[in-house]
Amino acid sequence: MKLSFIIITNGKNVEKTKIQVRSILRQSLTNPEIIICGNIGTFSTWKDPCIKLVDDKVNADFGFLGGLRNSACAASTGDYLIISDDDMMFSLDWYENFLEYREDFDILTPCVKVPDGTRFWDHCCYMSPIRGHIVLNPEENDDHLYMSGGQSWIMKRSVWEKVRWDQS
């Protein structure tokens with residue numbers, strides 16, 4: 001099982017991205033692949049063998065997040081794609097929690113917390129006739145679920161191969 005961490009960036013906040021990469025490298029992973037895609041000029045001095053830089057300045061400059069994600073996924077080799085914006089951080093027990101679900105999903109949204117410990121929009125519904133637009137508890141379900149794109153959600157490679165982001 002190979003994991004590819006897909007990080008899209010406009011290159012403007014290198015320190016946040018460094019924190020994120022360190023949080024990935026702290027996991028008990030064997031040979032992770034970390035792909036940083038976008039405006040990567042400021043990352044050119046990074047020499048870690050786990051990191052692959054994908055230059056996609058045009059999509060980064062225009063804010064075409066779908067295009068950035070498609071470019072990074074195309075450059076990846078992992079069985080599982082962990083999609084993330086450049087300002088996320090993985091908890092110390094992220095990989096341990098992932099292993100509990102690794103075969104039982106096509107797309108998985110991990111719990112995302114903001115610095116004060118409250119949950120962000122990680123498992124939510126939108127325009128639900130029953131619930132409206134709210135964050136759901138992890139065990140709740142709704143026919144109007146959605147995932148916010150930049151929050152380190154996970155999908156099997158086979159999903160990305162069938163359904164890619166709209167690049168416009």
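**A close look at charged side chains**

Analyst: Lysine 18 is partly exposed, its relative accessible area being 28%; this class lies between buried (under 20%) and exposed (over 50%), as found with a 1.4 Å probe and protein chains only. The model is a predicted one, in which local features need pLDDT of at least 70 and side-chain atom pairs count only at pLDDT 80 or more, while totals for chains, interfaces and linings use all residues. Residues are numbered from 1 along each chain as its sequence is written, and side-chain values use heavy atoms, with hydrogens and water left out.

Lysine 18 pairs with glutamate 15 in a salt bridge, with 3.5 Å between the closest N and O atoms. A salt bridge here is a side-chain nitrogen of Lys or Arg within 4 Å of a carboxyl oxygen of Asp or Glu. Glutamate 15 is also partly exposed, at 47% relative accessibility. Because the two residues are three apart in helix 1 (residues 14–25), about one helical turn separates lysine 18 from glutamate 15. A helix is a DSSP run of H or I with at least four residues, numbered from the N terminus.

The structure holds seven salt bridges. One of them links lysine 57 to aspartate 61, with closest N and O atoms 2.6 Å apart; these residues lie four apart in helix 2 (residues 57–62), about one turn of the helix. Lysine 57 is partly exposed at 41%. Arginine 131 and glutamate 140 form another salt bridge, at 3.9 Å from N to O, and salt bridges with shared partners join Arg131, Glu140 and Asp142 into one network.
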